[in-house]
Amino acid sequence: MSTVPSLRRVIPVGNVDEIREARKELLKRLSTKELAHVAALFGQARWTRADCYKYIMKALDDIAGDSLRKMVQELQGSRCKQLVDVLISVAEYEKKSRDGLLDRSKSIEIPEIYLPQDIPNEAVPYSGNINEEQGSWTLVSPWDSSQKLTFYSQETEKTRLQSRQMLEKLTYEPLSTLLNCLLSYIEPRLRQVYSYKRGMVPNWWPRTIKFNGKNHYSKAAIVELIIYIIFDLHSEGFRIIHAIDAIKFHPKLTVKAKEIVYSILFVRQAEDLCRGNTSNTVPKAEVVIGRRVAQRAPTDSETESTFIRQCSGESQPSIFTRGTLKRSYYILLGVNDQGNIFQSVSQSINRDNLRLSAAVDSFRQEVSRVEEQQRAYLLQVHNESEQKG
């Protein structure tokens with residue numbers, strides 16, 4: 001599986017205008033029906049988008065975050081709930097910053113993709129054999145039932161190439177329908193939120209393909225976009241079960257097109273299993289406190305380094321080394337008394353093919369998050385003791 005840097009939006013805590021703008025953009029991604037529902041749950045029924053905007057923004061300012069979360073509990077598991085949770089968290093951080101409870105040189109990091117969590121955990125409806133011990137998988141070719149395809153977990157480029165070739169055998173129409181299925185699932189209001197004419201491009205969009213909304217892509221570009229979504233957006237929370245959910249009931253998608261996609265999803269599932277990833281673990285989108293923000297205009301390298309992997313309950317990123325599947329081994333990351341990160345790797349691991357940089361970055365971010373929570377807790381305890389005194 002190929003990975004891309006996390007595409008979380010980084011906003012300085014002290015930049016109130018940018019935080020407010022982020023709130024508006026998050027609200028824009030909700031449908032009118034969803035906005036009206038959220039406004040009603042917050043206490044007042046509103047019917048137009050403008051009225052919903054005003055009331056929800058006011059509620060975010062006036063009502064405590066925990067109270068708001070209880071009000072929208074019935075939305076649990078939906079994409080709408082993911083967006084609303086982030087809206088509430090952003091409002092909380094804004095209040096804490098305004099009250100001097102947060103270091104204004106810190107930043108908050110907001111997810112770019114919001115996906116439902118309440119979807120059935122389905123197996124890929126395609127037959128094949130996965131050998132986790134050998135790190136290989138075999139499946140029948142969707143184009144020739146007499147031919148079997150075999151892959152190995154270290155053959156990342158071959159896996160993508162074969163998947164691309166299977167898609168290329170489809171005609172333009174089913175490919176276009178398939179792409180629209182996936183884009184509509186990731187961003188239902190893609191046309192309303194983004195505009196290529198005004199230069200408004202989703203941050204998760206691949207930079208190698210010009211953004212033209214949902215339509216007007218060449219066949220080659222459509223194939224690359226589908227491959228990118230299925231293989232590369234895993235780091236942003238897009239899972240195999242999301243792809244299945246997006247296409248399984250679409251009336252215009254041909255049986256052959258579904259079969260092709262399911263074969264590719266089987267490959268992705270096998271790749272994850274052999275590498276120790278959890279394909280169907282759906283991470284929760286949430287706001288996290290990031291590192292300190294540079295006081296000057298950041299360089300490209302500094303901007304890139306602020307991107308972190310999405311926080312979730314699963315262990316990520318995964319670590320894979322060739323030739324160690326049958327051996328017991330460990331990789332330990334820790335923090336010493338001086339606050340420096342150290343690592344310990346067992347000698348049984350083949351270090352020639354070991355990649356730890358992403359794991360260290362993820363661990364460093366987790367350490368920062370825990371430290372921030374500890375500071376907030378100590379400050380809360382201190383304030384409560386003063387009030388009692």
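Biologist: What should I know about the model first?
Modeller: It is predicted: local features need pLDDT of at least 70, side-chain atom pairs count only at pLDDT 80 or more, and totals for chains, interfaces and linings use all residues. Residues are numbered from 1 along each chain as its sequence is written, and side-chain values use heavy atoms, without hydrogens and water.

Biologist: How are two packed helices described?
Modeller: By the angle between their axes and the distance between the axes. Axes are lines fitted to C-alpha atoms over the stretch in contact, and angles run from 0 to 180 degrees between N-to-C directions. Here α1 (residues 16-28) and α3 (residues 49-62) pack at about 130 degrees, axes 11 Å apart. That makes α1 oblique to α3 (under 35 degrees is roughly parallel, over 145 roughly antiparallel, 65 to 115 roughly perpendicular, the rest oblique).

Biologist: Which residues of α1 and α3 make the contact?
Modeller: Contact means heavy atoms within 4.5 Å. Among them are Arg 20 and Leu 27 of α1, and Tyr 53 and Ile 56 of α3.

Biologist: Is α5 enclosed or open?
Modeller: Buried means under 20% relative accessible area, exposed over 50%, partly exposed in between (1.4 Å probe, protein chains only). In α5, 17 of the 20 residues are buried, so the helix is largely enclosed by the rest of the structure. Gly 100 follows α5, with a positive phi near 80 degrees.

Biologist: Where is Val 282?
Modeller: In the loop between α11 (255-275) and β6 (288-292). Val 282 is buried, at 18%. Its C-alpha atom is 8.4 Å from that of Pro 116, 166 residues apart along the chain.

How values were computed:
Helix = DSSP H or I, 4+ residues; strand = E, 2+ residues; numbered from the N terminus.
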